[in-house]
Amino acid sequence: MATIDTPVKTSVGGSGHAPVRAPRTRRGRPGSRIWIKVVVALLLVVEVYPMIWMFLTSLKSNDDYLNNSTWSLPTTWEWSNYTEAWTTGHIGLYVQNSLLAVVPALALMLLLGTAAGFALQVMVWKGRSLTLLVFLAGMMVPPQMILLPLFTVYFQTGLSGTLWPLILTYTGTGLPLTVFMMATYYRGVPRELFEAATIDGAGILRAFRTISLPLVRNALLTVGLVQFFFIWNDLLIALTFTNNQDLRTIQVGLLNFTGDFGATRYGPLFAAICINVFGTLLIYLFLNQKVMKGLTSGALKG
């Protein structure tokens with residue numbers, strides 16, 4: 001049996017073993033690590049302190065907010081501001097309207113966007129590249145340009161005075177980005193899985209339902225969360241199509257948040273803002289790991 005002969009280096013003492021060298025470890029400079037910690041601490045203060053200030057302001061009375069310093073602590077802790085914001089300020093109704101508009105629009109957007117991404121990347125048919133360019137062109141249309149034509153269409157079809165204009169508009173404006181992102185994620189799915197399913201007798205709908213959807217579930221969660229924040233924080237579309245106080249979403253409700261006789265109650269106003277901000281923040285913190293997995297899965301080839 002032939003082997004490759006390699007020369008043996010001898011040490012100074014004459015032994016047949018080479019001296020073992022300790023591996024070198026890179027150590028960063030202490031000054032650079034201190035600067036990194038300082039920068040991270042500053043970023044943490046910039047991100048966290050406004051939320052602390054907003055929460056403390058939500059516990060102030062109106063006189064306390066107007067007469068004392070902006071950075072001072074509340075003289076009396078008015079926890080009743082949250083109750084007033086929920087009942088008198090109708091924040092509960094605004095949150096309900098936002099959910100009734102966002103959830104159906106998000107479901108339609110994800111269903112149609114996932115199906116379109118599957119058709120554009122997995123299925124082979126003539127003109128799919130041009131169709132993808134058409135969806136990408138839809139991302140370049142400013143929403144301000146389509147509000148007036150859509151308002152006319154919704155008024156003539158009798159949809160005004162309902163939440164359907166918000167649902168349809170959110171679905172249409174968010175669909176191009178959803179299709180583009182889902183098509184990108186489908187590029188990382190191995191084609192051999194769909195070929196094996198076709199050999200086993202699975203049709204297109206079955207392959208889409210049983211194979212593709214489980215593979216892109218993290219991507220669905222990521223795209224859904226991104227679109228959720230876009231829709232939930234929308235003000236322009238909701239302000240244009242909600243002509244009734246009972247149909248206001250939470251962003252429009254915060255814009256018109258007033259107390260008795262049209263006076264602004266700053267304590268309940270900041271309490272309503274806290275309900276909105278911290279509620280969405282809890283959703284993101286709960287789904288943070290899933291979002292990170294979805295973002296990285298789109299960049300890896302399966």
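What percentage of the 302 residues of the protein chain count as buried? And which residues does T178 touch, not counting residues up to four places away in sequence?

Modeller: This is a predicted model, in which local features need pLDDT of at least 70 and side-chain atom pairs count only at pLDDT 80 or more, while totals for chains, interfaces and linings use all residues. Residues are numbered from 1 along each chain as its sequence is written, and side-chain values use heavy atoms, with hydrogens and water left out.

Of the 302 residues of the protein chain, 33% count as buried (under 20% relative accessible area, with a 1.4 Å probe and protein chains only). The secondary structure of the chain comes to 14 helices and zero strands; helices are DSSP runs of H or I with at least four residues, strands are runs of E with at least two, and numbering starts from the N terminus. Among contacts between residues at least 6 apart in sequence, 70% join residues at least 24 apart, a contact being heavy atoms within 4.5 Å.

T178 lies in helix α7, residues 164-186. Its relative accessibility is 0%, so T178 counts as buried. Leaving aside residues up to four places away in sequence, T178 touches M109, L110, G113, V223 and Q227.

Beyond four places in sequence, G113 touches L175, T178, V179 and M182. The C-alpha atoms of G113 and A183 are separated by 8.6 Å, although these residues stand 70 apart along the chain.

Two other partners of T178, V223 and Q227, belong to the part of α10 that meets α7. Helices α7 and α10 (residues 217-232) pack at an angle of about 155°, with their axes 11 Å apart; the axes are lines fitted to C-alpha atoms over the stretch in contact, and angles run from 0 to 180 degrees between N-to-C directions. The angle therefore makes α7 roughly antiparallel to α10, a term for angles over 145 degrees. On the α7 side, the contact includes Y170, G174, L177 and T178, and on the α10 side it includes A219, L220, V223 and Q227. By class, this contact has 10 nonpolar, four polar and no charged residues (Ala, Val, Leu, Ile, Met, Phe, Trp, Tyr, Cys and Pro count as nonpolar, Asp, Glu, Lys and Arg as charged, and the others, Gly among them, as polar).

Notes:
Buried < 20%, exposed > 50% of the residue type's maximum accessible area, 1.4 Å probe, protein only. Parallel < 35°, antiparallel > 145°, perpendicular 65-115°, else oblique.
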